[in-house]
Amino acid sequence: NLAWNKIAIIDPNAFSTLPSLRKLDLSSNRLSSIPVTGLHGLTHLKLTGNHALQSLISSENFPELKVIEMPYAYQCCAFGVCENVYKISNPWSKGDNSTAEDLHKKDAGVFQVQDERDLEDFLLDFEEDLRALHPVRCSPSPGPFKLCEYLFGSWLIRIGVWTIAVLALTCNALVTSTVFRAAVYISSIKLLIGLIAAVNMLMGVSSAVLAGVDAFTFGSFAQHGAWWEQAVGCQVVGFLSIFASESSVFLLTLAALERGWSVKCSAKFETQTPFPSLRATLALCALLAGTVAAVPLLGGSEYSASPLCLPLPFGEPRATGYMVALVLLNSLCFLVMTVAYTRLYCHLEKGDLESMWDCSMVKHVALLLFTNCILHCPVAFLSFSSLLNLTFISPEVIKFILLVIVPLPACLNPLLYILFNPHFKEDLGSLGKQTHFWTRSKHTSLMSINSDDVEKQSCDSTQALVTFTSASIAYDLPSSSGSPPAYPMTESCHLSSVAFVPCL
């Protein structure tokens, strides 16, 4: 018994003179490797608690081994304990393609054996059959979330994660580049849409990292599983996933409240900011999301509980409580959004539709609210099922919800903006014009710019500083007014960040 001795290094020949050694306990030390010379006669070996021991140990070095306790479940894969050991198998069946008639004959033979033999002989035979199937009893054994060969384990999950990663990265990058193209002025709702796309891009990064790990360790995940669970990259992936998911929900809640406030202010023709203290509220949302994502890092190692780098709902009570708390917090946000939009639409039914200056953004936030709320339902059902100990959900369904359903809004949100919001086409066209103008004027000197271009740039920069209310009043002036405009106006001048999109 050499447990709890802070042993970090053992000489390769330390056990070479002990051929009669049968049981060795090296648990709870600091070993990163173990010598095998002289240990061929071991029957019991304990190595639990040596977290630095992450490499696989070959079973050929311990031919007489019967019981072994390892630091990580992946190391039991080398001793014939595969991930399907958690399934209840029939010890009497030698093959997987037995027919129903063969199974009936085997069951009949079992009862006949019980009648003819003594119970003790029957139990001995049963134990020998189990030893023939699993010669070494290794713990902890691999399970449905800790597979020996693959990280994902299913091609449906693998294709779903790759699709989400590609769409989330490309679509959110496109939305972010079109929204934040204007450096002078940007409306509050566009700022929120751009920030939602930015945090959704972080979710795409985490999904892409998991997909890359699955591709890199394809077919031999047991060799890298322990290293990946304890790596800093797994902690970062888990933090980014929770931070992006919570930030997206908080920003969407803020967007719903902003739409209600904006409609209320536009009805009164107020000149103040559509949503007061927006920067302070954004900072508060980021701080709250960062705190929620940092709780697993401060309270334990929930991110390292599985190679998926996410707190498992059917795990320790602390991880289950954390998932349930997240679901309750998100449910509260969706309730606030629903109440805000219900009041908004009830207010519009009273004849205030003409006071709404941008119906497309109101409809877009409502569409985001509906889709995100629908996708939140499976996650809530999974968390409350774990709280009630309802274990009828298969592990494959749990992995599909965690890896595909949870990050799915990260690619649906930008797609809804790209496909159904007219602002995207306008912003994309304006971005293309700006890029074309920049590439054309990059090789020209200041003397070659004519007076029309100077006038156009001056007009664009002046209009970008005009608030919505003053702009709407200016556009509503009758054409017969003889007073000249306060600044030069040309046909090509337009205010891209404040677009007037009617309800269709």
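**Cavities and cores in a predicted model**

Pro140 sits in the loop between strand 4 (137-139) and helix 3, where helices (H or I, at least four residues) and strands (E, at least two) are DSSP runs numbered from the N terminus. A cis peptide bond joins Ser139 and Pro140, with omega about -5 degrees.

Colleagues, this is a predicted model, in which local features need pLDDT of at least 70 and side-chain atom pairs count only at pLDDT 80 or more, while totals for chains, interfaces and linings use all residues. Residues are numbered from 1 along each chain as its sequence is written, and side-chain values use heavy atoms, with hydrogens and water left out.

The protein has 14 helices and four strands. Of its 504 residues, 42% count as buried; buried means under 20% relative accessible area, exposed over 50%, and partly exposed in between (1.4 Å probe, protein chains only). Among contacts between residues at least 6 apart in sequence, 70% join residues at least 24 apart, a contact being heavy atoms within 4.5 Å.

I turn to the cavities. The structure holds two of 30 Å³ or more. On a 1 Å grid over the protein atoms alone, a cavity is a set of points where a 1.4 Å probe fits but cannot get out, and lining residues have an atom within 4 Å of a point. Grid points are joined across faces, edges and corners, and a volume is the space filled by probe spheres set on the points.

The largest cavity has a volume of about 460 Å³. Its lining comprises 30 residues, of which Met203, Ser245, Val379, Val406 and Pro407 are the closest to the centre. Which helix gives the most to this lining? Helix 6 does, with seven residues. Elements that contribute two or more residues include helix 4 (188-216), helix 6 (232-267) and helix 8 (317-352). By class, the lining has 20 nonpolar, nine polar and one charged residues; here Ala, Val, Leu, Ile, Met, Phe, Trp, Tyr, Cys and Pro count as nonpolar, Asp, Glu, Lys and Arg as charged, and the others, Gly among them, as polar.

The second largest cavity has a volume of about 60 Å³. Among its lining residues are Asn172, Asn200, His364 and Tyr417. Helix 3 (155-179), helix 4, helix 9 and helix 11 each supply at least two residues, and the largest share, four residues, comes from helix 4. This lining has seven nonpolar, four polar and no charged residues.

Next, the packing. A nonpolar core is a set of buried Ala, Val, Leu, Ile, Met, Phe, Trp, Tyr and Cys residues joined through side-chain atoms within 4.5 Å. The largest such core has 84 residues, and those with the most contacts inside it are Trp228, Ile242 and Leu403. Helix 6 gives the largest share of this core, twelve residues. Because domain 1 (1-83 + 133-142) and domain 2 (155-435) both give residues to this core, it lies between them; the domain bounds come from an automatic or database domain assignment. Leaving aside neighbours within four places in sequence, Trp228 is in contact with residues including Val209, Phe221, Val237 and Pro307. Apart from this core lies another, of 21 residues, among them Ile57, Cys76, Phe79 and Val136.

Technical notes. 1 Å grid on protein atoms, 1.4 Å probe; cavity = no way out; pocket = protein on both sides within 12 Å on 5 of 7 lines; lining within 4 Å.
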